[in-house]
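Grab a pencil and open the viewer.

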Amino acid sequence: MLDVATAPYAVVLLRWCLAAMFIAHAMLKWRVFTIPGTIKFFESLGLPGWLAYVTIAAELGGAACLLVGIYPRYVALLLVPLIVGTIVTVHGKNGWLFSNKDGGWEYPAFWAAALIAVFLLGDGAATLLAS
């Protein structure tokens with residue numbers, strides 16, 4: 001049974017953790033791999049280079065919305081295709097374990113499941129704009 005008194009705080013904790021992960025991954029692409037390096041990586045996968053900008057913007061924008069609570073349940077749902085895309089284009093061919101060379105798909109699959117959980121649970125506590 002769901003504890004209605006504490007569930008909203010569990011959701012906000014999950015939102016904040018997901019936001020931190022999106023910020024970390026966007027900053028990795030921006031500051032470590034650099035934008036030109038990320039573009040080259042996307043192109044090496046057969047994706048258009050401009051999609052690197054869209055991905056970084058989606059990660060940072062989505063993180064901001066999850067963090068401050070701007071329609072977080074719908075933002076979480078909108079971010080699922082981004083994560084599933086990493087499974088399809090990058091990690092799926094590397095096996096299950098994320099410790100495999102070039103990372104397997106266990107971590108992004110868990111990430112997608114956590115995003116779906118936020119969507120199913122609702123906005124949670126500390127929400128600026130709720131659905």
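**Exercise 1.** What covers the buried residues of H1?

*Solution.* A quick note before we start: this is a predicted model, where local features need pLDDT of at least 70, side-chain atom pairs count only at pLDDT 80 or more, and totals for chains, interfaces and linings use all residues. Residues are numbered from 1 along each chain as its sequence is written, and side-chain values use heavy atoms, with hydrogens and water left out.

Step 1: pick out its buried residues (under 20% relative accessible area, 1.4 Å probe, protein chains only); among them are Val-11, Leu-18, Phe-22 and Lys-29.

Step 2: look for what covers them, with contact meaning heavy atoms within 4.5 Å. The cover includes H2, H3 (51-68), H4 (72-91) and H5 (106-121).

**Exercise 2.** Find out which residues Leu-18 touches.

*Solution.* Step 1: skip residues up to four places away in sequence; Leu-18 then touches Leu-66, Trp-111, Ala-114, Leu-115 and Val-118.

**Exercise 3.** Is Thr-38 buried or exposed?

*Solution.* Step 1: locate Thr-38 in helix H2, residues 35-44.

Step 1: check its relative accessibility, which is 3%, so Thr-38 counts as buried.

Step 2: list its neighbours. Leaving out residues up to four places away in sequence, Thr-38 touches Lys-29, Phe-33 and Ala-52.

Step 3: zoom in on Lys-29, whose backbone oxygen lies 2.9 Å from a polar atom of the Thr-38 side chain.

Note on methods
Helices (H or I, at least four residues) and strands (E, at least two) are DSSP runs, numbered from the N terminus. Buried means under 20% relative accessible area, exposed over 50%, partly exposed in between (1.4 Å probe, protein chains only). A polar contact is a pair of N or O atoms within 3.5 Å; within protein, one must be able to donate a hydrogen and the other to accept it, and residues adjacent in sequence count only if both atoms are side-chain atoms.
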